[in-house]
Amino acid sequence: LPFAMAFISYGLLYLLNTLKNKSSAKLLIIAVFAFVFILLVPQYIRAYTPQIELENGLRQVTKEMGVYLRNFSAPVIACIGNCPPIAYYSNKELRHFYDEKELLNPPAKYIISFQKVIGRESFKNIKSYCLNGSCVYLYEFSN
């Protein structure tokens, strides 16, 4: 993007020098350049803003839970939410489910959730990590 803007600026300066006597053409070219610059500024800002700062701690808590699960001896773990990073860091296969109605009869004894399970005595919180408003919970389901 910076190189493209430099080449566009050079081209516009060259064009302005060739149109020295035509002031209306100069004004039009400057207006087009300003419009293009205004359109490119948000993309430039987004390209150079570190994405991890926009996650509000989500990457850290998923990594911590994945590292914790690496030494956790459970044959099957179910997960609802942002499960692929946890599976990557834990080197375990997770059963990913999408509907919260499945919590009534969960697909595994251990469940990872990114929201608190409230009002159900059958879920025991084993481990949780929270950072800047993002949390991940490991629950044990007992009938």
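The model is predicted, so local features need pLDDT of at least 70 and side-chain atom pairs count only at pLDDT 80 or more, while totals for chains, interfaces and linings use all residues. Residues are numbered from 1 along each chain as its sequence is written, and side-chain values use heavy atoms, with hydrogens and water left out.

To start with the overall layout, the protein has four helices and five strands. Here helices (H or I, at least four residues) and strands (E, at least two) are DSSP runs, numbered from the N terminus. Read from that end, the order is α-α-α-β-α-β-β-β-β. Of the 143 residues, 29% count as buried; buried means under 20% relative accessible area, exposed over 50%, and partly exposed in between, with a 1.4 Å probe and protein chains only. As for contacts (heavy atoms within 4.5 Å), 46% of those with a separation of 6 or more are between residues 24 or more positions apart.

Next comes a pair of helices. Two packed helices are described by the angle between their axes and the distance between the axes. The axes of α3 (residues 58-70) and α4 come within 7 Å and cross at roughly 40°. That angle makes α3 oblique to α4, given that under 35 degrees counts as roughly parallel, over 145 as roughly antiparallel, 65 to 115 as roughly perpendicular and the rest as oblique. Axes are lines fitted to C-alpha atoms, for helices over the stretch in contact, and angles run from 0 to 180 degrees between N-to-C directions. On the α3 side, T62, K63, M65, G66, V67, L69 and R70 take part, and they meet P85, I86, Y89 and S90 of α4.

Setting aside neighbours within four places in sequence, S90 touches G66, L69 and R70. A polar atom of the S90 side chain also sits 2.8 Å from the backbone oxygen of I86, and the S90 side chain reaches the backbone oxygen of A87 at 3.4 Å.

What about the aromatic rings? Searching the whole structure turns up six aromatic pairs. Rings of Phe, Tyr and Trp (its six-membered ring) pair if their centres lie within 6.5 Å; planes under 30 degrees apart count as stacked, over 60 as edge-to-face and the rest as tilted. With ring centres 5.1 Å apart and planes at 75°, Y88 and Y89 make an edge-to-face pair. Y88 is exposed at 61%, whereas Y89 is partly exposed at 22% relative accessibility. F123 and F141 form a tilted pair, 5.2 Å centre to centre with 50° between the planes. This pair links distant parts of the chain, with F123 in strand β4 (residues 123-131) and F141 in strand β5 (residues 134-141), 18 residues apart. F123 is buried at 8%, and F141 is buried too, at 14%. Ring pairs join F123, Y137, Y139 and F141 into a cluster.

N91 has a positive phi of about 60° although it is not a glycine; N91 sits in the loop between α4 and β2 (94-96) and is exposed at 63%. N132, also not a glycine, has a positive phi of about 50°. N132 lies in the loop between β4 and β5 and is exposed, with a relative accessible area of 54%.

Key. Polar contact = N/O pair within 3.5 Å; in protein donor to acceptor, adjacent residues only side chain to side chain.
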